[in-house]
Amino acid sequence: MLLRLSALCVSLLLLLGLTPSVWAAEEEPETIYVYSASEEHLVRPLLDIFEKESGIHVKMTTVDRAALDSRLALEGEDTPADAVIVADVANLYPLQASGLLQPVTSDVIKQNIPQMLRQKDDLWMGVAMRSRIYFINKDKVRASALQYYEDIEDETWKDRLLVRSSTNAYNQSLLADLIYRRGEEEATKWAAGVVDAMARQPEGGDRDQLRAIATGVGDVALSNTYYFGQLLTSDDPSDRKLAKKLQPVFVKSMDGKGPHVNIRGVGMLKASDKKEAVTKFFEFLTQEEAQKFFTKHNKEYPANPNVAADPVLQAWGFEPKPQVPVEMLGELNAKAMAIFAKVGWE
Ligand SMILES: [Fe+2]
């Protein structure tokens, strides 16, 4: 009896001694912190799948992309963030230039993401693609009237184009793309042509330009493709109605190559010591489940060429092909800014 009691005590003690540490392990799973320009709830279902598969938790903080590099520079080594998810090379490149990123090298990533969409030292890479093209009001413009970006330089387009400000990353990268392909002189002519074609001074975002041409303010807009996809499938019937008046025009540049392609990308911060977990997370983002999620919910194109685009995008009959190594869009950003100033694109 005594023996059995003491055995029971030992088991109890063992239990007591062991359980707290087991609990602790369960309470504090490995967690990576991500600064993101978009809101966490938009990608939460995807993060939940990753957490279930890997046991690694992901917490996101929404950070305005314009403030991202100054915030990270200020936080330095003490930043709580392990990684960033940001749209457009013009927002990713400054992080690289400030030395804030460290490489994430992985065979899975190299298999899933084309080289053109990865920074050459693996400091960042694209996980989704978008194109920046013209959209027309079908009642006012024939699609065949615009075959090249440069067509807008013709004076027939004077006072008919809507486009947002040059402080916006998307416009900066489009101009950087044209500088790379056609040289500074031709790119300057295009930017000056855009300014001449403007129906009003730049205001609002891409969605605003699309809604405006649908309601008869201007005839042509410059916008990223996913904004059109989102309007077409919006919960708001008035947005769907407006979107039906529009048509995307997948123009070439005069170099004969297809439209500007940009990315939503990810990078790992130098200050982070969670390389294994971040690598797993990035690999997950390049695989089918995540790629399908981005194209279905955001109406972006998959960066992984083995994953099909959402049917809404497929209906446009266009497959984006990056024409410029993405890093060049960042390297040429300063030249683009100088041209904007020169031609007076506000
Ligand atoms: Fe956007």
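## A strand and its partners

In strand β7, Ala221 is the bridge partner of Phe135. Helices (H or I, at least four residues) and strands (E, at least two) are DSSP runs, numbered from the N terminus. β7 comprises residues 220–224 and pairs with β5 in the antiparallel sense, over five bridges; two strands are said to pair if DSSP finds at least two bridges between them. Strand β8 (residues 246–249) also runs antiparallel to β5, and four bridges join the two. There, Leu246 of β8 stands opposite Asn137.

With β9 the pairing extends over eight bridges, and Val261 in β9 is the bridge partner of Ser131. With strand β10 (residues 301–302) there are two bridges, and Pro302 in β10 is the partner of Ala128. A residue is buried if 20 or more other C-beta atoms lie within 10 Å of its own, exposed if 12 or fewer, and partly exposed in between, with C-beta atoms placed from the backbone.

## The model and its confidence

The model is predicted: local features need pLDDT of at least 70, side-chain atom pairs count only at pLDDT 80 or more, and totals for chains, interfaces and linings use all residues. Residues are numbered from 1 along each chain as its sequence is written.

The predictor's confidence in each residue, pLDDT, runs from 0 to 100. Its mean for the protein is 92, and 92% of the residues reach 70 or more. Over residues 12–23, however, pLDDT stays under 50, and the model has zero contacts there beyond four places in sequence. Two residues are in contact if their C-beta atoms, placed from the backbone, lie within 7 Å. Where pLDDT is low, the predicted coordinates should not be read in detail.

## Overall architecture

The protein has 346 residues, of which 43% are buried. Its secondary structure comes to 14 helices and ten strands. The C-alpha trace spans about 100 × 45 × 35 Å along the principal axes. Among contacts with a separation of 6 or more, 78% join residues 24 or more positions apart.

Domain 1 contributes 19 residues to the contact, and domain 2 contributes 19 residues.

On the side of domain 1 that touches domain 2, α4 (89–97), β9 (260–269) and α12 (311–314) each supply at least two residues. α4 gives the most to this side, with five residues. The residues of this side divide into ten nonpolar, four polar and five charged. In this division Ala, Val, Leu, Ile, Met, Phe, Trp, Tyr, Cys and Pro count as nonpolar, Asp, Glu, Lys and Arg as charged, and the others, Gly among them, as polar.

Ala143 lies in the loop between β5 and β6 (161–162). Ala143 is partly exposed, with 14 other C-beta atoms within 10 Å. Not counting residues up to four places away in sequence, Ala143 touches Ile136, Gln247 and Val249. Val251 is 108 residues away from Ala143 along the chain, and their C-alpha atoms are separated by 9.6 Å.
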